[in-house]
Amino acid sequence: MTKPRVLVSSLDPAVARFMSEVLPRDAFEVLPPCLPRNVVEAVLDHAPDILLFEVDRQAGPAAETLRVLRKVRPGLRIIVLSQDSRPEDADIVEAGIFYYDTKPAGEELVAVVKAAATLPRSGRS
C-alpha cells in the first residue's frame with residue numbers, strides 16, 4: 001500500500017520542520033517543505049495527497065491560492081493552519097479545504113493528517 005504523500009508549506013523554516021518531523025514516516029511520505037509563494041508549483045511537481053498550508057496574511061489572500069490548488073489538483077486534501085481566526089478566514093473555508101484551525105500541536109496535527117489520509121484518493125496525477 002502506498003503511503004499518503006504530505007507537503008508542508010510555511011514561511012517559517014522552524015514551523016515547516018516541526019510539521020514535517022511530527023508526522024510518522026512509517027505512515028506518510030513527507031515531501032520537502034516549500035514556501036507559500038511556491039506551493040502551486042510544488043503541488044504540480046510532487047503530486048501530494050495532503051497539503052499542510054500555513055496561512056501567511058502578509059503574503060496576500062490565501063483563499064485565491066487555495067482555489068487555484070483545488071483546480072489543478074481536485075483530490076488534494078488541504079489542511080490550513082493559521083496563527084489566529086479572523087472574519088476574512090471564511091473565504092479560506094469556502095475555498096474547499098479539508099480542515100482549518102489555529103496551529104494544532106503535535107498529536108492533534110498527526111490526528112488531523114491521519115483523518116485526511118482516510119479519505120478516498122481522487123484526482124491523483
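Let's start with arginine 67, which counts as partly exposed at 33% relative accessibility. This is a predicted model, and the side chain of arginine 67 meets that of glutamate 64 in a salt bridge, 4.0 Å from N to O.

**Salt bridges**

- The count of salt bridges comes to 3.
- Arginine 67 and glutamate 64 are 3 residues apart in helix H3 (residues 62-72), so about one helical turn separates them. Glutamate 64 is partly exposed, at 44% relative accessibility.
- Glutamate 29 and arginine 5 join their side chains in a salt bridge of 3.0 Å, N to O. This pair links distant parts of the chain, with glutamate 29 in strand E2 and arginine 5 in strand E1, 24 residues apart. Glutamate 29 is partly exposed at 32% relative accessibility, whereas arginine 5 counts as buried at 16%.
- Arginine 77 and aspartate 49 also meet through their side chains, in a salt bridge of 4.0 Å, N to O. Here too the link is between distant parts of the chain: arginine 77 belongs to strand E4 and aspartate 49 to the loop between H2 and E3, 28 residues apart. Arginine 77 is buried at 6% relative accessibility, and aspartate 49 is buried with a relative accessible area of 2%.

**Strand E4 and its partners**

- Strand E4 is mostly covered, with 6 of its 6 residues buried. Arg77, Ile79 and Leu81 point one way from the strand, while Ile78, Val80 and Ser82 point the other way.
- E4 pairs with E3 in the parallel sense over 5 bridges, and leucine 51 stands opposite isoleucine 78 of E4.
- E4 pairs with E5 in the parallel sense as well, over 4 bridges, and serine 82 stands opposite threonine 102 of E5.

**Helix H5**

- Helix H5 (residues 106-117) has 12 residues and spans 17 Å from its first C-alpha to its last, close to the 16 Å expected.
- Its buried residues are Gly106, Leu109, Val110, Val112, Val113 and Ala116. Viewed down the axis of H5, they fall within an arc of 160°, so they line one face of the helix.
- Those buried residues pack against helix H1 and strands E1, E3, E4 and E5.

**Helix H1**

- At the start of H1, a side-chain oxygen of aspartate 12 comes within 2.9 Å of the backbone nitrogen of alanine 14.
- The buried residues of H1 are Val15, Ala16, Met19 and Ser20. Down the helix axis they fall within an arc of 130°, so they line one face of H1.
- What covers them includes E1, E2, E3, E4 and H5. The face of H1 turned away from this buried side carries the exposed residues Pro13 and Glu21.

**Two loop residues to look at**

- Leucine 31 sits in the loop between strand E2 (29-30) and H2, and it is buried with a relative accessible area of 6%. Its C-alpha is separated by 5.9 Å from that of valine 6, 25 residues apart along the chain. Beyond residues up to four places away in sequence, leucine 31 touches Arg5, Val6, Leu7, His46 and Pro48.
- Alanine 47 has a positive phi of about 50°, although it is not a glycine. Alanine 47 lies in the loop between helix H2 (39-46) and E3, and it counts as buried at 15% relative accessibility.

Notes: Residues are numbered from 1 along each chain as its sequence is written. This is a predicted model: local features need pLDDT of at least 70, side-chain atom pairs count only at pLDDT 80 or more; totals for chains, interfaces and linings use all residues. Side-chain values use heavy atoms; hydrogens and water are left out. The expected span of a helix is 1.5 Å times one less than its number of residues. Buried means under 20% relative accessible area, exposed over 50%, partly exposed in between (1.4 Å probe, protein chains only). The arc is that of the directions from the helix axis to the C-beta atoms. Contact means heavy atoms within 4.5 Å. Two strands pair if DSSP finds at least two bridges between them. A polar contact is a pair of N or O atoms within 3.5 Å; within protein, one must be able to donate a hydrogen and the other to accept it, and residues adjacent in sequence count only if both atoms are side-chain atoms.
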